Amino acid sequence: MLIFEVLTPGALTSVQDLGRYGYAHLGVSQTGAMDEYAYRWTQKLLGNTEGNALEILLSGLKLKVLNPCTIAVCGADLGFCINGQKTNIWCTHHIHKGDILSFEKNVSGLRAYLAVKGGFSLEKIQGSYAYSAKENKGLKVEKGTLLTYTESQTRDLRRVQKVHIPLYSKVLSLNILLAPNASSDILENSYTLSPNISAMGYKLQGKPLTSSKGGIVSEGIAFGSVQVPPDGQPIILLKERQSIGGYENVGTVLAKDCFALAQAPIGATVTFKAIEIEEAQEEMKDFYNFFD
Amino acid sequence: MHFKTVSYDSVMLYFGSVISEEVLDLVQSAYTSLKSLTHIIDLTPSYTSILIQYDIFYYDVFSIQESITLHLSKTKKIALKQGKEICIDVDYSKGLDLQRVADFNHLSIEEVIQNHTAQSYRVYAIGFMVGFAYLAKVPSSIQTPRLETPRAKVPKGSVALAQTQTAIYPQDSAGGWNILGHTDFDDFDSFEIGDRVRFINVNL
C-alpha cells in the first residue's frame with residue numbers, strides 16, 4: 001500500500017536500518033543509521049522489530065501522505081510540520097490521507113528519523129535495508145519517489161520522556177578506548193569538526209598528531225576507529241567507512257558517543273577522554289538493554 | 001598469534017607483522033575456521049590480521065580471546081583449502097600508464113606486459129570497495145609508485161598496479177594506480193582471500 005509521495009527530497013533522505021553485517025570479507029561497508037539512539041527510539045515507539053526509517057539529513061524534505069498511518073519522528077529538530085503546523089518530535093502521530101509532512105528549518109542536530117508502523121516495504125539487500133551511496137544499494141528518495149508500507153495505524157499514541165531526549169550540543173566530550181601503545185596526545189588537544197564530514201567519517205582539525213608516515217599494513221576498521229593520516233588530523237570513521245584501511249589507529253570512540261557525534265555540526269568542539277574496555281562494554285550493554 | 005582489543009565489540013587477531021605468503025596462509029586458515037564460531041557479527045580478514053566483531057551479550061573481552069584460541073586449536077587439523085585459480089583475460093592495448101611503468105623501470109612496454117603475466121598473484125585482502133581484491137606480489141622489475149595526482153575516474157575493469165600490488169577496479173572509481181590494461185571480467189564477488197589470479201594477454 002502506498003504511504004508517501006516525495007514532493008521535495010531535501011539534502012539527503014535515505015532508508016536506513018541497523019546496518020549490513022556478515023559481508024565485511026567481501027569489502028561491503030556496514031552502513032546503517034548514523035544516530036542509532038534516535039533511530040532505535042522510532043522503532044521502540046512504534047513497536048517495530050527489524051524495521052527501517054527515513055534518515056533525513058537537514059531540512060527540506062516534504063512528503064504527501066497517501067494513506068493513513070502511525071509514524072514516529074525522533075532525532076534532530078528540523079522544524080517538523082504537519083500541514084504547515086510546527087509539531088512535536090520524539091513521539092508518534094496519526095497521519096491521514098492528504099496530510100503534508102515537512103521539515104522546514106534547521107534548529108538543532110543534523111539527522112532526523114521518520115519511521116512508519118511496520119516499516120517501509122522494500123527489498124533487503126544482503127540482509128539489510130540500509131542505503132549505501134558508494135555501493136549503490138538501498139533507497140535514496142528523489143522528487144516523485146513513492147514509498148509503500150504494509151501495516152495500518154495503531155490506536156494509541158506514545159512519546160519519549162523528556163529525560164531521554166538529548167540536547168544536541170556544539171561541545172562534545174567523546175569516550176575513547178586508546179589503542180595499546182598509542183600516544184595519549186589526543187586526550188590533551190581540543191578539535192573542531194571540519195567541513196569534511198560524511199557518513200564515512202568525520203575529519204577533525206586541531207594540533208596535528210604525529211603519525212607513522214608510511215601508514216600500517218591495511219587491516220579491518222571498527223566502528224568509531226580514530227585514524228591518523230599523514231597530515232596528523234584525526235578522522236573518526238563511522239557507519240559507511242571502508243572495510244579495511246592502512247592509516248594508523250590511535251583508538252576507538254565509544255559507539256554511543258559516535259551516535260551523538262552524528263548530530264554535531266561543522267565547527268563543533270570535540271575533546272576526548274579515555275575509557276577502559278570493561279566500562280565500554282558495560283555502557284554499551286546498558287544502551288542495548290534499554291531498547292530491548 | 002596475538003590479540004589487540006580494538007573496540008567495545010571487536011578484537012584484532014594478528015598472525016605476523018609483515019606481508020608474506022606464509023602469513024597469508026595462516027590468515028586464510030584461521031578465517032575459514034572462525035566462520036563456524038558462533039555469536040560472531042562480522043569477520044574482516046586482511047594481509048596479516050582478522051578483525052573479529054562479536055556479540056557482547058555472549059562474550060566479554062577475555063572470553064572472546066579464549067574462545068577464539070580454543071576454536072582455532074580444535075580446527076587446526078583441517079587442511080588448508082587450496083585457493084581457486086582464476087584466469088583473467090586482459091586487453092593491454094588499453095593500458096594508459098604502460099609507458100609510465102616502462103619508463104620508470106627502464107623496460108619496453110612488451111617487457112612490462114610479459115612481467116605482469118609471467119606469474120600468478122594471490123588475493124591478500126578485499127576492501128577499499130566491494131570486490132576490490134588486493135593481489136600480490138608484483139615482481140620488483142615492474143613495481144611503480146601510484147600516480148602523483150589520482151584520476152577522477154578509473155573505469156570499471158581497469159587492471160592496475162601500485163608498487164607491490166595489482167588489482168582490477170570492480171566499478172568506476174577515483175584512483176591513483178597505474179592502469180596497465182582492461183578486462184571484461186565481471187565476477188568480482190567470487191574473489192576470496194588466498195585465491196590465485198593469473199592475467200592472460202589477449203592481444204597477440
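Residues count from 1 along each chain as its sequence is written, and chains are lettered from A in the order written. In this predicted model, local features need pLDDT of at least 70 and side-chain atom pairs count only at pLDDT 80 or more, while totals for chains, interfaces and linings use all residues.

**Exercise 1.** Work out which elements and residue classes make up the side of chain A that touches chain B.

Solution. 
- Start with the contact: 30 residues from chain A and 31 from chain B. Contact means C-beta atoms, placed from the backbone, within 7 Å.
- Next, the elements. β15 (219–220) and α3 (277–291) of chain A each give two or more residues. Helices (H or I, at least four residues) and strands (E, at least two) are DSSP runs, numbered from the N terminus.
- α3(A) gives the largest share, six residues.
- Finally, sort by class: 15 nonpolar, ten polar and five charged. Ala, Val, Leu, Ile, Met, Phe, Trp, Tyr, Cys and Pro are nonpolar; Asp, Glu, Lys and Arg are charged; the others, Gly among them, are polar.

**Exercise 2.** Explain why strand β19 (248–253) of chain A is largely enclosed, and find its partners.

Solution. 
- Six of its six residues are buried, so β19(A) is largely enclosed by the rest of the structure. Buried means 20 or more other C-beta atoms, placed from the backbone, within 10 Å of the residue's own.
- β12 (171–178) of chain A pairs antiparallel with β19(A) over three bridges. Pairing needs at least two DSSP bridges.
- β16 (225–228) of chain A pairs antiparallel with β19(A) over four bridges.
- Look at A:Thr252: A:Leu177 is bridged to it, and A:Ser225 stands opposite it.

**Exercise 3.** Locate the two domains of chain B.

Solution. 
- Domain 1 covers 2–74 and domain 2 covers 85–201. The bounds come from an automatic or database assignment.
- Their C-alpha centres lie 29 Å apart.

Conventions. Contact = placed C-beta atoms within 7 Å. Buried ≥ 20, exposed ≤ 12 C-beta atoms within 10 Å, placed from the backbone.
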